[in-house]
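Student: I have a new model open and I'd like to learn how to read it. Could we go through it feature by feature?

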Amino acid sequence: MNLSQLYYFRKLAQLQHYTKAAKELYITQPSLSDSISCLEQELGISLFQKEGRNVKLTKYGREFYEYVNSALNQLDKGIAVAKSKSGKLGGVIDIGCIPTILGDYMPKVTQDYKEKNPKMVFNVYQGHTLRLLEELKTGKYDIVFCSKTEDPELEFIPVLSQRLILVVRNDHPLAAKETVELSELQNYPLTTYRESIPIGKIVRAVLRANGVEASFSYDDEISIGGVVTATNQTAIAADTPYLSQFAWIKKITISDIPPDTRLIYLVYSKKNYMTKATEDFVEFLIQNERQLPD
């Protein structure tokens with residue numbers, strides 16, 4: 001038994017799929033299969049059983065995983081602590097984030113941190129909130145940036161606000177205004193996000209509290225901007241870089257929607273192990289990179 005076998009075992013236990021685990025380990029699938037077989041032979045137990053195209057841990061595998069995961073976590077942390085003492089803290093952090101912060105917030109915070117720790121490597125992946133949170137819990141990501149949901153397993157820390165604004169075409173009757181109130185929108189067809197996504201729930205709750213209803217629903221600012229440009233509807237959307245591609249729209253402040261209504265959160269799992277590198281990055285973000293209204 002060697003360390004490589006234990007790392008291979010942990011990765012396969014987390015992903016429950018030989019091909020995916022081999023890809024993330026940068027080895028071939030036969031090499032991974034041989035390593036697990038040798039480990040099972042040495043231990044005298046079966047660690048995995050097939051489940052369709054996937055595998056899952058056996059009863060003995062689940063018990064063994066708890067010990068292996070704990071031991072490797074302590075080893076990884078010890079190595080990171082030793083490197084930090086010598087000023088050589090590095091590592092890899094896998095980050096999941098919603099697309100709307102890929103063009104501004106994420107490049108800034110990762111670059112700011114790399115100036116402090118140039119050996120750090122960031123792998124940044126995009127996705128929508130609900131999927132990101134599910135994959136965070138499986139261990140695919142170390143942290144994610146997304147909307148908030150109710151989940152006691154996860155810790156949500158607000159780091160960024162995105163103002164909710166009114167978007168209209170330049171020739172719309174409201175385009176002459178710089179500020180509006182929600183009550184002014186009652187006589188116009190209104191578009192916003194669909195209610196099944198977190199930001200949609202937030203916007204719809206605000207609208208209902210003010211006696212306003214949106215008749216059309218979309219997933220993102222690109223869709224909303226396109227609809228506004230093509231149909232001359234009004235829309236409520238987060239003011240993100242996605243809207244900058246539409247030359248014929250006007251952004252208008254909505255005076256009775258507070259600037260902190262739409263927040264982006266840094267999220268981590270309370271159950272998953274967090275490396276020293278990730279701990280340091282999270283602390284750096286909290287101390288230096290929060291962009292919230294006063």
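**Reading the model, step by step**

Tutor: Let's start in a loop: Gln 16 sits between α1 (3-15) and α2 (18-25). Keep in mind that this is a predicted model.

Student: What is the phi of Gln 16?

Tutor: First the general idea: most residues other than glycine have a negative phi. Gln 16 is not a glycine, yet its phi is positive, at about 60 degrees.

Student: Let me zoom out. How many helices and strands does the protein have?

Tutor: The secondary structure comes to nine helices and 13 strands. Along the principal axes, the C-alpha atoms fill a box of roughly 75 × 45 × 30 Å. The protein has 294 residues, and 45% of them count as buried.

Student: Now the sheets. What is the strand order in the open sheet of five strands?

Tutor: Read across the sheet, the order is β4-β3-β5-β13-β6, and the pairing is mixed. At the edges you find β4 (120-126) and β6 (154-161), each of which pairs on one side only. Ignoring direction, neighbouring strands of this sheet are turned by 25 degrees against each other on average.

Student: Which residue stands opposite Val 144 in β13?

Tutor: That is Val 267. The strands concerned are β5 (residues 143-146) and β13 (residues 263-269), which pair in the antiparallel sense over three bridges. A general point while you're looking at side chains: in a regular strand they alternate between the two faces of the sheet.

Student: What about the open sheet of six strands, what order does that one have?

Tutor: Its order is β8-β12-β7-β11-β9-β10, with mixed pairing. The edges are β8 (179-180) and β10 (216-218); each has a single partner strand, so one side of each has no neighbour in the sheet.

Student: How do the pairs inside that sheet run, parallel or antiparallel?

Tutor: You'll find both senses. Strand β7 (residues 164-169) is antiparallel to β12 (residues 249-254), with five bridges, and Ile 165 stands opposite Thr 253 in β12. On the other hand, β8 and β12 pair in the parallel sense over two bridges, where Val 180 has Ile 254 as its bridge partner. Strands β9 (residues 190-193) and β11 (residues 234-238) also run parallel, joined by two bridges, and Thr 191 has Ala 235 as its bridge partner in β11.

Student: On to pockets. What volume does the largest pocket have?

Tutor: The idea is that rolling a probe the size of a water molecule over the atoms shows where empty space is left. Here the largest pocket has a volume of about 1600 Å³. It is lined by 48 residues, and the closest to its centre are Arg 10, Lys 11, Gln 14, Asp 94 and Asp 142.

Student: Which helix gives the largest share of that lining?

Tutor: Helix α4 (residues 59-85), with 10 residues. By residue type, the lining of the largest pocket divides into 18 nonpolar, 14 polar and 16 charged.

Student: And how much space lies in the second largest pocket?

Tutor: About 320 Å³. Of its 18 lining residues, Ile 98, Pro 99, His 128, Ile 197 and Asp 219 lie nearest its centre. The elements that give two or more residues to this lining are α6 (129-138), α7 (198-209) and α8 (221-231). The lining of the second largest pocket has nine nonpolar, four polar and five charged residues.

Methods:
Residues numbered from 1 in each chain as written. Predicted model: local features only at pLDDT ≥ 70, side-chain atom pairs only at ≥ 80, totals over all residues. Heavy atoms only, no water. 1 Å grid on protein atoms, 1.4 Å probe; cavity = no way out; pocket = protein on both sides within 12 Å on 5 of 7 lines; lining within 4 Å. Points joined across faces, edges and corners; volume = space filled by probe spheres on them. Helix = DSSP H or I, 4+ residues; strand = E, 2+ residues; numbered from the N terminus. Nonpolar A, V, L, I, M, F, W, Y, C, P; charged D, E, K, R; others polar. Pairing = 2+ DSSP bridges. Axes fitted to C-alpha atoms, helices over the stretch in contact; angles between N-to-C directions. Buried < 20%, exposed > 50% of the residue type's maximum accessible area, 1.4 Å probe, protein only.
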